[in-house]
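Trainee: Could you walk me through this one before I set anything up? I'd like to start with the overall picture and then go into the helices.

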Amino acid sequence: MFLVGSKIVEMKDIIVLVTSLGKYIFASILGHVIHGGIVLPLIYFVFTRRNPFRFLLGLLAPFATAFATCSSSATLPSMMKCIEENNGVDKRISRFILPIGATVNMDGAAIFQCVATVFIAQLNNVELNAGQIFTILVTATASSVGAAGVPAGGVLTIAIILEAIGLPTHDLSLILAVDWIVQLDRNLQGVSSPVPSGKITFSPLFKMDRTTTVVNVEGDALGAGILHHLNQKATKKGEQELAEVKVEAIPNCKSEEETSPLVTHQNPPGPVASAPELESKESVL
């Protein structure tokens with residue numbers, strides 16, 4: 001509370017703060033929409049040649065859970081259930097890939113951290129060069145791997161990026177102030193407009209963690225779907241190769257000439273076998 005209060009008091013022009021805040025929110029959400037709506041489905045289509053949006057249609061419940069809880073870990077059970085039942089992904093793949101993705105695959109958090117770092121740089125009137133921008137990209141990708149799958153888990157890792165490009169780390173409280181302002185505005189709207197019984201209303205403003213978590217879990221689900229497709233393709237290829245294998249047995253016509261004591265010949269009981277039947281004698285070891 002004191003970190004947020006101090007940053008608000010230090011602001012000389014509240015109009016500039018609100019304008020920068022609006023640009024920051026818009027840039028974060030736009031990056032998540034482009035990555036989650038275009039880039040990730042395109043990657044899935046390139047590997048599987050299937051409609052990615054039909055695959056994502058069966059995951060509406062996990063996406064709603066991710067949007068409501070802002071936590072990849074809380075969405076994990078719902079994601080496992082829906083991806084196995086609705087999309088037919090093998091449970092051995094989903095239960096191996098999704099837990100790893102919930103803690104490692106944080107592409108939405110990486111986008112959020114890049115935008116937040118540029119936001120802090122602009123508020124400090126620091127012009128970033130090409131080297132610093134590349135450093136932000138690499139550091140954000142690496143630090144997002146260590147972000148916890150909990151609400152606001154990627155905020156603290158921004159300190160690593162700020163330290164890498166030489167920005168003051170104490171300005172990290174600006175992001176906390178932004179998150180606090182957005183959440184406060186949402187809460188005030190809920191207080192000023194009571195929700196009637198039996199109805200659900202959604203505020204147009206929400207935390208960046210919501211879209212970040214949705215993109216994170218979407219990347220996990222599409223990764224599991226791609227691996228399931230590749231596994232099915234490899235399995236079918238192996239079955240076709242096994243079906244094409246033919247084993248040809250050549251009868252041993254000279255088995256009667258063998259004198260090894262380990263080999264005995266058994267003739268079937270009954271009348272004397274004809275010449276073709278003699279060739280089909282069984283050798284018993």
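Mentor: Let me begin with a definition: a contact here means heavy atoms within 4.5 Å. Among contacts in the protein chain between residues at least 6 apart in sequence, 69% join residues at least 24 apart. Please keep in mind that this is a predicted model.

Trainee: OK, and how many helices and strands are there in the protein chain?

Mentor: The protein chain has twelve helices and two strands, and along the sequence their pattern reads α-α-α-α-α-α-α-α-α-α-α-β-α-β.

Trainee: What percentage of the residues count as buried?

Mentor: Of the 285 residues in the protein chain, 38% count as buried.

Trainee: Let's zoom in on α4, then. Which of its residues are buried?

Mentor: Helix α4 covers residues 60-69, and its buried residues are Pro-62, Phe-63 and Ala-66. Looking down the axis of α4, these buried residues fall within an arc of 100 degrees, so they line one face of the helix.

Trainee: And what is exposed on the other side of α4?

Mentor: On that other side of α4, Leu-60 and Ala-68 are exposed. Just after the helix, Cys-70 adopts a positive phi of about 60 degrees.

Trainee: How do α4 and α5 sit, roughly parallel or roughly antiparallel?

Mentor: The axes of α4 and helix α5, which spans residues 72-85, come within 8 Å and cross at roughly 175 degrees. Angles over 145 degrees count as roughly antiparallel, and α4 and α5 are therefore roughly antiparallel to each other.

Trainee: Which residues meet there?

Mentor: From α4, Ala-61, Pro-62, Phe-63, Thr-65, Ala-66 and Thr-69 take part, and they meet Ala-74, Thr-75, Ser-78, Met-79 and Cys-82 of α5. Sorted by class, the contact between α4 and α5 has seven nonpolar, four polar and no charged residues.

Trainee: Switching topic, at what angle do α7 and α8 pack?

Mentor: Helix α7 (residues 107-123) packs against helix α8 (residues 130-145) at an angle of about 135 degrees, and their axes are 9 Å apart. That angle makes α7 oblique to α8.

Trainee: Is that crossing left-handed or right-handed, and which residues make the contact?

Mentor: The crossing of α7 and α8 is right-handed. On the α7 side the contact is made by Ala-109, Ala-110, Gln-113, Cys-114 and Thr-117, while α8 brings Ile-136, Leu-137, Ala-140, Thr-141, Ser-143 and Ser-144.

Trainee: What classes do those residues fall into?

Mentor: By class, the contact of α7 with α8 has six nonpolar, five polar and no charged residues.

Conventions
Residues numbered from 1 in each chain as written. Predicted model: local features only at pLDDT ≥ 70, side-chain atom pairs only at ≥ 80, totals over all residues. Heavy atoms only, no water. Buried < 20%, exposed > 50% of the residue type's maximum accessible area, 1.4 Å probe, protein only. Helix = DSSP H or I, 4+ residues; strand = E, 2+ residues; numbered from the N terminus. Arc of directions from axis to C-beta. Axes fitted to C-alpha atoms, helices over the stretch in contact; angles between N-to-C directions. Parallel < 35°, antiparallel > 145°, perpendicular 65-115°, else oblique. Left-handed = near helix turned anticlockwise from the far one by under 90°. Nonpolar A, V, L, I, M, F, W, Y, C, P; charged D, E, K, R; others polar.
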